[in-house]
Amino acid sequence: MSLRLEGAPVASQISANLKKRVKDLAKQGVYPKIAMINVGQRKDNVAYCNAAQRRFQTLDILYECVQLPETVKQSELVERIGDLNHNPAVHGILVFRPLPDTICEEAVCDAIVPEKDVDGVDLTSMAGVYSGRDLGFAPCTADAVLRLLKFYRIGIDGKKITVIGRSPVIGRPVASLLLREHATVTVCHSHTEDLKGACQQADIVIAAAGRAEFLKREYFRSEQTVIDIGINYSEEKKKIVGDVDFEDVETLVTAITPVPAGVGSITTSVLADHVVTAAEQMQRSGTC
């Protein structure tokens with residue numbers, strides 16, 4: 001039986017560290033706060049928002065939920081972000097995506113000032129991730145993958161890692177973060193030839209393709225670590241599943257993350273960490 005890489009212990013460790021940092025900020029009159037903007041009523045966004053709120057409450061992090069109708073104009077959304085940018089009491093801004101087709105996501109993401117972009121969506125933050133420079137924040141899910149690997153002391157330096165998925169939200173940034181840790185990274189996508197071979201040659205496989213349980217046992221071998229970032233609803237099983245067929249693969253590989261209760265359960269703690277870090281940076285610079 002493989003080691004189940006549960007996210008809860010990782011999240012608990014992050015939270016324990018944050019509590020002291022939040023108390024230290026409070027002594028200086030600074031109270032970390034995030035504003036979360038949700039357009040429309042997507043169930044997954046609402047669920048994540050609720051989970052994040054519960055995490056923030058346990059850490060004494062303030063939060064503001066900005067709920068906007070699906071018919072909101074892009075100019076109105078950008079204006080609301082501008083107000084939050086200029087509010088010294090707000091240290092982090094998160095816009096739930098995807099946005100309606102009538103709104104340009106890139107324009108909205110770039111409207112967030114880098115120092116408050118706690119999910120790494122604006123150009124400055126992305127430049128920091130891809131260049132290895134200390135600019136902005138990495139996307140929370142990509143950051144969560146690195147923290148999980150380090151928590152369980154799974155070696156990254158020099159290891160062959162295959163990332164399945166090239167989205168700017170997860171696939172590309174997690175590949176860049178792994179390269180920074182001196183891994184040898186292969187990024188696969190829908191046009192990749194011999195995906196099975198790319199998976200089998202890896203020490204670590206990170207699945208972020210967004211296809212329910214399409215990675216079966218034949219894609220893997222023994223002595224591998226599998227990190228499943230996929231969150232998909234299976235009509236057949238009537239539950240949330242990952243990109244990897246967990247039951248089929250668990251008995252083969254050395255270690256694997258469950259879905260749910262794996263990487264996803266760490267992301268809200270990483271988001272909280274980014275908010276507190278932003279508050280600390282703004283306090284040091286005198287902007288809050």
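This is a predicted model: local features need pLDDT of at least 70, side-chain atom pairs count only at pLDDT 80 or more; totals for chains, interfaces and linings use all residues.
Contact here means heavy atoms within 4.5 Å, and angles between axes run from 0 to 180 degrees between N-to-C directions.

**View 1. Six strands line up in an open sheet.** Reading across, the order is β1-β11-β8-β7-β5-β6, and the pairing is parallel. At the edges stand β1 (3–4) and β6 (184–188); each has a single partner strand, so one side of each is left without a neighbour in the sheet.

**View 2. Here β8 meets β11.** Strand β8 covers residues 225–228 and strand β11 covers residues 255–256; they run parallel, joined by two bridges. Look for V226, which sits opposite I256 in β11.

**View 3. Helix α6 packs on the sheet.** This helix takes in residues 140–151 and touches β7 (204–207) and β8. Its direction makes about 150° with that of β8.

**View 4. R21 and D273 join helix α1 to helix α10.** Their side chains meet in a salt bridge, 2.9 Å from N to O. The two are 252 residues apart in the chain: R21 belongs to helix α1 (residues 8–27) and D273 to helix α10 (residues 264–285). Are these two residues buried or exposed? D273 has a relative accessible area of 10% and R21 one of 16%. Buried means under 20%, so D273 counts as buried, and so does R21.

**View 5. R21 also pairs with E280.** In this salt bridge the closest N and O atoms are 2.9 Å apart. Once again helix α1 is linked to helix α10, this time by residues 259 apart in the chain. Both R21 and E280 are buried.

**View 6. K237 and E213 bring two loops together.** Their side chains form a salt bridge at 2.9 Å, N to O. K237 comes from the loop between β9 (232–234) and β10 (239–241), and E213 from the loop between β7 and β8, 24 residues apart. K237 is partly exposed, with a relative accessible area of 30%, whereas E213 is buried, at 12%.

**View 7. Five residues share one salt-bridge network.** Which residues take part? They are R21, D143, R147, D273 and E280, joined by salt bridges that share partners. For the whole model, the count comes to 13 salt bridges.

Key. Residues are numbered from 1 along each chain as its sequence is written. Side-chain values use heavy atoms; hydrogens and water are left out. Two strands pair if DSSP finds at least two bridges between them. Helices (H or I, at least four residues) and strands (E, at least two) are DSSP runs, numbered from the N terminus. A salt bridge is a side-chain nitrogen of Lys or Arg within 4 Å of a carboxyl oxygen of Asp or Glu. Buried means under 20% relative accessible area, exposed over 50%, partly exposed in between (1.4 Å probe, protein chains only).
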